[in-house]
Amino acid sequence: MLDSKYVRTNPEEVADKLKKRGYTLDIESIKALEERRRGIQSSTEALQQERNARSKGIGQAKAKGEDIAPLLAEVENLKAQLTDAEAALTEVQSELDAVLAGVPNIPAEEVPDGLSEEDNVEIRRWGEPRAFDFDVKDHVEIGAQLGGLDFEVATKLTGARFAVMRGDIARLHRALIQFMLDVHQNEHGYEEVYVPFIVNKDSLYGTGQLPKFEEDLFKLNDDRDFYLIPTAEVPVTNLLRDEILDAKANLPMKLVCHTPCFRSEAGSHGRDTRGMIRQHQFEKVELVQFVRPEQSDAALDSLLDNAEAILKKLELPFRTVILCGGDIGFSAAKTYDIEVWIPSQAKYREISSCSSFRDFQARRMKARFRNPETNKVELLHTLNGSGLAIGRTLLAVLENYQQADGSVKVPTVLQPYLGGKTQLG
RNA sequence: GGAAGGGUGGCAGAGUGGUCGAAUGCACCGGUCUUGAAAACCGGCGAUGUGCGAGCAUCCGUGGGUUCAAAUCCCACCCCUUCCGCCA
């Protein structure tokens, strides 16, 4: 959420900055609501002040043993007025909150203009896509040939967009998870955390999935309003919801977390229907950082480095793009996508998305710290990024490491996790 | 699932319906002392909203209710602890 004071004192400026996203801020309705709020709030507070003063007077009179009956008569209709005023205030405030809760984050200065994926700007490439001297297969074919990657049986078990892995492929999948967790802990200074895969509405509101994007989520049939997590970002970031870290807290706080992710993919019908690019359930190793505001730009760069490091170690070619205004997510101020080379598509495809949310999520969550210099409470900045999406990494390994005979070499760094195996099949 | 107790400031922990936004301790910030640090002592120190500001308002798990007045009384819900039962 944006700072409401900033939005209502500079609505034109905010609207202008949001244009980069292709978002139109309804300045007029915000101004009108704000004006109503101001009036109702001040009259309500005046009534409250009077009630408080009178009540105090009654208490004092009573303590002195005076007759309070006339005083009671004076306040008779105050109560009804207050009830009405408070109800009106609650209503206008929740209307205003609802409007503000639906306004996306302001893109960072350096975010390029543009309204779609086409306008994202490549900032670097690493590695050289391999030249194959045979016809490349896609991971579905490779998996079928090796045995152990089965989409059809998953359809029987559940439906479309699920996979079953067995044997070496299941083990390779698990190896990727262990490998990434180890690297981020041992080399990048993240602390591992394990969290619930089911969260409540408050958590989803905190990170910005609710109220606007409910259709992307799997909701449990349970009267407690529980949802399956779409990413570890939700539980991990919400660890600090409603918290004030004390002055000596050691920031930045860097956490790494492996979870499954569940996405309804509503609105993606027909897209990436083959293989494991786009599944309802996939594993992901997520990096989350909580930092002091002045550190957040540097933190995003380092988080991006940490994610790229995994691809470098796996020797998978990739490119990194900065998303344009029209393509960044609702809560993000700035996002880099890392795209890995997919031989069967002869394209780079997203494998990680690293974002800075600045204080947008922190404000929704009330995630704060006490600044030791000023001794004042300030909002933290939050960041996160995939480090990496496991299903897509598995896919990339299978395709990039495939051999003419249908076998697949095991990347050097993963061999220890596979009992020393150097190839599958 | 049954029984009992409890949710109060960054933490711990008081609080007969009426100057209680809340004692006290710890932590934190400033200072005195000290070569320096520690200790000791003195002072300060909740959050949010609103206003230039003095201030005013709101907040004691959440939501309702009673009352002129609620941290305090009533109801519902959530969560925690202990005991019993069940259980991976």
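Around RNA strand B sit 23 residues, and the closest are Arg-8, Gln-48, Arg-51, Ser-55 and Lys-62; a residue is near a molecule or strand if one of its heavy atoms lies within 4 Å of it. This is a predicted model, where local features need pLDDT of at least 70, side-chain atom pairs count only at pLDDT 80 or more, and totals for chains, interfaces and linings use all residues. Residues are numbered from 1 along each chain as its sequence is written, chains are lettered from A and ligands numbered from 1 in the order in which they are written, and side-chain values use heavy atoms, with hydrogens and water left out.

Let's stay with the RNA for a bit. Of the atoms of RNA strand B within 4 Å of the protein, 75% belong to sugar or phosphate, and the rest to bases. On the protein side, the surface near RNA strand B divides into five nonpolar, seven polar and eleven charged residues. Here Ala, Val, Leu, Ile, Met, Phe, Trp, Tyr, Cys and Pro count as nonpolar, Asp, Glu, Lys and Arg as charged, and the others, Gly among them, as polar.

Which elements supply that surface? Helix H1 (4–9), helix H3 (27–63) and strand S13 (367–370) each supply at least two residues, and H3 gives the most, with twelve. Helices (H or I, at least four residues) and strands (E, at least two) are DSSP runs, numbered from the N terminus.

Now for some polar contacts, meaning pairs of N or O atoms within 3.5 Å (within protein, one must be able to donate a hydrogen and the other to accept it, and residues adjacent in sequence count only if both atoms are side-chain atoms). A polar side-chain atom of Arg-38 is 3.1 Å from a phosphate oxygen of RNA strand B, and an N or O atom in the side chain of Asn-52 is 3.2 Å from a phosphate oxygen. Asn-375 has a side-chain N or O atom 3.2 Å from a sugar or linking oxygen of the RNA strand.

S13 also takes us into the sheets. It belongs to an open sheet of three strands with the order S7-S13-S14 and mixed pairing, where two strands pair if DSSP finds at least two bridges between them. Strand S7 (243–245) and strand S14 (377–379) stand at the edges with a single partner strand each, so one side of each has no neighbour in the sheet. Neighbouring strands here are turned by 35 degrees against each other on average, direction ignored. S13 and S14 run antiparallel, joined by three bridges, and Phe-369 has Glu-378 as its bridge partner in S14.

Another open sheet has eight strands in the order S1-S10-S11-S12-S15-S9-S8-S4, again with mixed pairing. Its edge strands are S1 (121–126) and S4 (191–192), each pairing on one side only. Four bridges join S12 to S15, which run antiparallel; Ser-355 has Asn-384 as its bridge partner in S15.

Finally, helix H8 (residues 167–186) lies across S4, S8 (253–262), S9 (281–291) and S15 (381–389), running at about 10 degrees to S9. Helix H11 (residues 296–314) packs on the sheet too, touching S1, S9, S10, S11, S12 (347–358) and S15, and its direction makes about 5 degrees with that of S15. Contact means heavy atoms within 4.5 Å, while axes are lines fitted to C-alpha atoms, for helices over the stretch in contact, with angles running from 0 to 180 degrees between N-to-C directions.
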